[in-house]
Amino acid sequence: MIEYQFVTTMNMGQYHAFGKNMITSMNAYLPDNACLDVYIDDCNDFDDLVVGRKINYIEFDLTNYNVFKFMARPNEKSIVTEQRNTAKYDSELMFKWDATRFGYKVYALFEAIQQPKARHLVWIDADTKLTKKIDNDFLPSLLNEGDYMAYLARRLTHSECGFLLWDTWHESHYYFWNAMSGMYKGLQMFNEQEWHDSYIFDRVRLNLENWAFVGNTKIHEIDRGHVWNESRLKTEAGMEHYKGPLDGK
């Protein structure tokens, strides 16, 4: 029985750079009660797809995401004036207002919650790799009893959203995703100070904590930096997160 539905996205370039190795490792090392759903734009564009019992490829319906891109553009273009990953884009931290770059992930999650396969939904970035078998009791240990969501916290900046875990049976599940829908589909995010997914996740999570007294679990917390590398995800479960371009090795 599937208890943990992992979700990720990747395009063909990402698949060949690091996604293929990520998927191979997930198929080998996820516990038997977990699966990985890989959202891709067009299955016909991909060759040599990794086949595995725990792996599902889902053609991503981009209709709603493309509407968001169109509606978001007037807000973005006044701030995000450079090509992504250029020196000026990076030095001026334009990613903070590059809503459509990080919205792709959120729209994949919108689709995933409409097609539930398990009680627990897990987002995991594609630039990750499992290095050993995950024990059956590890994933349950990440979420405190009664809490809704588990995440990687940073005190002085936004959370690390490369790994997120939700209990879809929790009474707050509908409210969290209804609020996320308002942020993205209702364009409420553009009233916030930053527009990338990590900042928006934090805003919605904090609203639930502060106004509805919902409990959420910090897997690990630091001031700044790569919190994943210091967390149990790496130290106990051997989950590597590379945060950036890889050569696929």
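Predicted model: local features only at pLDDT ≥ 70, side-chain atom pairs only at ≥ 80, totals over all residues.

Trainee: How many helices and strands are in the protein chain?
Mentor: Nine helices and nine strands. The radius of gyration is 17 Å, close to the 18 Å from the globule rule for 249 residues, so the protein chain is as compact as a globular protein of that length. Along the principal axes, the C-alpha atoms fill a box of roughly 45 × 45 × 35 Å.

Trainee: And what share of the residues is buried?
Mentor: Buried residues make up 49% of the 249. As for the surface, the protein chain exposes about 12100 Å², with carbon and sulfur atoms supplying 48% of that.

Trainee: Switching to strand 6, is it enclosed or open?
Mentor: Six of the six residues in strand 6, 149–154, are buried, so the strand is largely enclosed by the rest of the structure. Both faces are covered: M149, Y151 and A153 are buried on one side, and A150, L152 and R154 are buried on the other.

Trainee: Which strands does strand 6 pair with?
Mentor: Strand 7, residues 160–167, runs antiparallel to strand 6 and is joined to it by three bridges. A hairpin of five residues connects the two, and A150 has L165 as its bridge partner in strand 7. Strand 6 also pairs with strand 8, residues 216–222, in the parallel sense over six bridges. There, R154 stands opposite I222.

Trainee: OK, new topic: helix 7. What's its length?
Mentor: Helix 7 covers residues 197–211, so count 15 residues, and it reaches 21 Å from first C-alpha to last, close to the 21 Å expected at 1.5 Å a residue. After helix 7 comes F213, which has a positive phi, near 55°.

Trainee: Which of its residues are buried in helix 7?
Mentor: D197, S198, Y199, I200, F201, D202, V204, R205, L208 and E209. Their cover includes helix 4 (99–114), strand 6, strand 7, helix 6 (173–184) and strand 8.

Trainee: Tell me about S198. What does it touch?
Mentor: S198 sits in helix 7 and counts as buried at 9% relative accessibility, the cut-off being under 20%. Leaving out residues up to four places away in sequence, S198 touches H158, S159 and C161.

Trainee: What about the nonpolar core, which residues touch the most other members?
Mentor: In the largest one, with 38 residues, those are W166, F176, M180, Y184 and F201. Helix 2 (63–76), helix 4, strand 4 (120–124), strand 6, strand 7, helix 6 and helix 7 each give two or more residues to this core. The largest share, eight residues, comes from helix 4. Apart from this core lies another, of 35 residues, including F18, I40, V122 and M239.

Trainee: And F176, what is it in contact with?
Mentor: Setting aside neighbours within four places in sequence, F176 contacts Y148, M149, W166, F201, V204, R205 and L208.

Trainee: Last one: what do the contacts look like across the protein chain?
Mentor: Among contacts between residues at least 6 apart in sequence, 71% join residues at least 24 apart.

Definitions and conventions. Residues numbered from 1 in each chain as written. Heavy atoms only, no water. Buried < 20%, exposed > 50% of the residue type's maximum accessible area, 1.4 Å probe, protein only. Helix = DSSP H or I, 4+ residues; strand = E, 2+ residues; numbered from the N terminus. Pairing = 2+ DSSP bridges. Contact = heavy atoms within 4.5 Å. Rg over C-alpha atoms; globule rule 2.2 N^0.38 Å. Areas by Shrake-Rupley, 256 points an atom, 1.4 Å probe, with all protein chains shown as cover. Core = buried A, V, L, I, M, F, W, Y, C linked by side-chain atoms within 4.5 Å.
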